[in-house]
Amino acid sequence: MSHLLEVKNLDVKFDTDEGRITAVENISLSVDQGEVLGIVGESGSGKSVTAKSIMKLNPGNTSYNEDAEIILDNENILQFTSKQDLKKIRGGKVSMIFQEPMASFAPAIKIGAQMVEQLLIHKNINKDEAKSISINMLKRVGIADAEKRFNQYAFELSGGMRQRAMIAMALSTMPKLLLADEPTTALDVTIQAQVINLIKDIIKEYQMGVIFITHDLGVIAQVADHVAVMYLGSVVEKGPVNEILKNPKHPYTKGLLQALPDINNLDAPLSPIPGNIPSPLDRPTGCVFRTRCPHHNPDGKDGKIEMKLIEVEPGHWVDQCGIQCGQNG
Amino acid sequence: MGDNLISVNNVSVNFDYQENFISKKQKIHAVNNINIKIKKGSFFGLVGESGSGKTTLGRAILGANKISSGNVIFHDDKRDYDLTNMNKQDLKEYRKKAQLIFQDPYAALSPRMTVRDIIAEPLEVMKITNSRQETDERVRDIAAKCRLNIEHLRRFPHAFSGGQRQRISIARALVSNPKFIVADESVAALDVSIQADILNLLKQLQSELNLTYLFISHDLSVVAHVCDVVAVMYLGHIVEMGPSRELFKNPKHSYTKALLSSIPSIDPEKRSEAIELKGEIPSALNPPTGCVFRTRCPKPGIDCKGGEITMGLAEVEPGHWVDQCCVL
């Protein structure tokens with residue numbers, strides 16, 4: 001069966017004044033229809049860059065490797081060059097929800113006008129139809145007084161409401177794939193719970209594929225079917241959500257779980273992962289995690305082991321250096 | 001007063017609000033009639049959603065917000081400071097003893113100053129040290145305590161990661177040798193792996209330097225881990241307060257229960273047990289009468305629905321206080 005989205009061997013590099021930075025290296029992912037793929041990792045691990053590559057939204061100094069493929073609906077997005085082709089993807093087949101909804105709405109244009117504008121670009125409909133679709137969508141995401149909100153500006157809405165409006169806007173073009181980049185991070189827990197439930201309902205209703213980016217493993221546990229754990233531009237472990245959270249193999253995944261304060265186990269000490277995430281300018285050779293790994297094996301320490309995912313159980317892939325380290329401790 | 005460091009007595013903070021110059025002047029009730037006692041050497045947690053008045057209360061205790069009514073007393077070894085009635089000299093003294101750590105380590109540090117200058121600034125402004133040598137000594141001393149290297153002191157903030165920057169902010173807050181620290185969402189902007197590190201550092205410094213913390217956070221699992229006593233705020237009122245273990249094991253107020261159930265569980269098999277609260281926190285411009293939580297309460301009683309029950313804490317177990325509306 002072919003996947004809805006398939007990313008194969010993707011490298012993303014940025015040319016900067018200080019040199020060429022590897023933001024993402026050799027990533028392969030897939031998302032099926034109606035499935036949520038969660039991507040977790042610390043800031044700087046390349047989660048957002050990966051998502052933006054799918055819409056080719058990375059800035060002009062970006063270069064992709066030639067053998068990389070991002071296949072959506074049997075088309076390789078990386079080979080799109082004309083604006084016309086990209087337009088079909090951006091906001092059409094693929095929509096994105098951002099972390100900070102205040103920053104993603106234009107402040108001086110009414111919410112409704114922004115929703116109608118993108119519908120007119122992507123769908124062959126007139127203004128009145130676009131308006132009624134937008135208002136229905138606002139109602140669907142649980143905004144009371146949708147007609148009134150339609151004529152308001154982003155600053156007049158509260159944080160949770162803005163995020164709902166953002167979701168309504170992203171969904172109104174009926175995308176096949178939704179990229180949600182930390183959509184609940186800026187929200188309070190009670191609002192976060194509302195938004196998570198909303199996203200889950202909508203995925204079920206519209207059967208779209210979703211890539212859900214977050215640094216919060218709790219949120220991942222609640223929404224995702226599959227998880228990819230990223231560190232410094234590489235996927236170090238991926239698999240079904242249950243496997244990854246209950247039976248983690250890579251020392252980085254284990255570290256993330258141990259650093260998380262658990263409200264049901266207050267006696268457990270909080271154990272941070274030692275050290276800091278290295279600068280992408282001096283990315284370690286070999287295993288990227290080796291500079292912070294608490295129990296590295298001798299070969300991994302010197303960077304002699306290449307990064308390579310190995311299937312340890314059906315569907316559960318772990319970096320080969322991490323498997324050995326994981327056995328050590 | 002013995003073992004209390006801070007007593008907050010019936011404190012309210014109101015802000016004036018005028019929508020435009022012809023409309024009527026209104027009052028925003030940011031903090032209402034708060035009573036708390038913070039024990040010496042304790043880690044006092046303040047939780048609630050945005051808009052609940054946590055930060056305003058924290059700032060009022062530091063003397064950075066005007067207190068509209070009530071008073072805040074800081075019990076020092078030799079004397080008490082009454083924050084509502086303080087002259088300039090006293091305020092200067094108090095500033096040395098009570099300090100603030102901010103949320104965003106990227107915004108809190110000046111990009112044009114070296115780390116050494118950032119940490120030394122309070123000493124110079126407050127004229128605590130007399131010579132450059134003495135200043136340097138204290139800066140190095142506190143930097144070492146906050147696990148910063150000596151070589152870091154010559155660099156500028158842009159060279160540091162979020163966790164390191166937060167350690168610099170902590171060092172700056174601690175350099176004047178304060179007794180009381182308000183940490184306002186100090187770990188909210190950090191990655192989990194670094195968050196754990198900063199929390200451990202705060203704990204360690206507490207015992208080394210005899211500090212008392214007011215820890216403001218929206219993250220209940222963090223608060224549950226580090227705090228001894230927790231107060232839950234909603235729309236300017238404390239709705240529940242008690243020893244943190246007791247409060248998290250046995251929450252009484254329906255708001256606390258809803259907050260606790262909203263924390264996403266790390267177990268993928270336990271999905272969606274959240275008591276979903278409808279809507280959002282109402283505006284502090286015209287809060288509901290009576291119990292402020294009644295507009296979102298999942299199980300409002302017959303009496304409180306109409307707003308007949310006034311806000312007020314009742315002690316349900318020794319040290320565990322709950323708003324009376326939810327006790328009845």
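**Entry 1: domains of chain B**

Domain bounds, as I use them here, come from an automatic or database domain assignment. The model I am reading is a predicted one. With those bounds I looked up the C-alpha centres of domain 1 and domain 2 of chain B and found them 29 Å apart. Domain 1 of chain B runs over 4-227, and domain 2 of chain B over 253-328.

I then turned to the contact between these two domains. Domain 1 of chain B contributes 10 residues to it, and domain 2 of chain B contributes seven residues. On the domain 1 side, I noted that β2 (26-39) and α7 (220-226) of chain B each supply at least two residues. Of these elements, β2(B) holds the largest share of that side, with four residues. I sorted the domain 1 side by class and recorded four nonpolar, five polar and one charged residues.

**Entry 2: chain B as a whole**

I counted 11 helices and 12 strands in chain B. Taken along the principal axes, the C-alpha atoms of chain B fill a box of roughly 70 × 55 × 50 Å.

**Entry 3: domains of chain A**

I next examined the division of chain A. Domain 1 of chain A is made up of 5-93 + 175-328, and domain 2 of chain A covers 106-172. I found 30 Å between the C-alpha centres of these two domains of chain A.

Their contact draws 14 residues from domain 1 of chain A and 11 residues from domain 2 of chain A. Which helix gives the largest share of the domain 1 side? I found that helix α8 (residues 189-206) of chain A does, with six residues. By class, I recorded 10 nonpolar, three polar and one charged residues on the domain 1 side of this contact in chain A.

**Entry 4: chain A as a whole**

For chain A I recorded 13 helices and 13 strands. The radius of gyration of chain A is 21 Å, close to the 20 Å of the globule rule for 329 residues, and therefore chain A is as compact as a globular protein of that length. I noted that the C-alpha trace of chain A spans about 65 × 50 × 45 Å along its principal axes.

**Entry 5: a helix pair in chain A**

I followed helix α5 (residues 127-140) and helix α7 (residues 159-171) of chain A, whose axes come within 9 Å and cross at roughly 130 degrees. Because of that angle, α5(A) is oblique to α7(A). I recorded the crossing of α5(A) and α7(A) as right-handed.

From α5(A), the residues making the contact are M137(A), L138(A) and R140(A); from α7(A), they are A165(A), A168(A) and L171(A).

**Entry 6: where the chains meet**

Lastly I looked up the contact between the chains, which takes 36 residues from chain B and 36 residues from chain A. On the chain B side, the elements giving two or more residues are α5 (162-174), α6 (192-209), α7, α8 (244-249) and α9 (254-262) of chain B. Which element gives the most to the side of chain B that touches chain A? I found it to be α6(B), with seven residues. The chain B side has 16 nonpolar, 12 polar and eight charged residues by class.

Key: Residues numbered from 1 in each chain as written. Chains lettered and ligands numbered in written order. Predicted model: local features only at pLDDT ≥ 70, side-chain atom pairs only at ≥ 80, totals over all residues. Axes fitted to C-alpha atoms, helices over the stretch in contact; angles between N-to-C directions. Parallel < 35°, antiparallel > 145°, perpendicular 65-115°, else oblique. Left-handed = near helix turned anticlockwise from the far one by under 90°. Nonpolar A, V, L, I, M, F, W, Y, C, P; charged D, E, K, R; others polar. Rg over C-alpha atoms; globule rule 2.2 N^0.38 Å.
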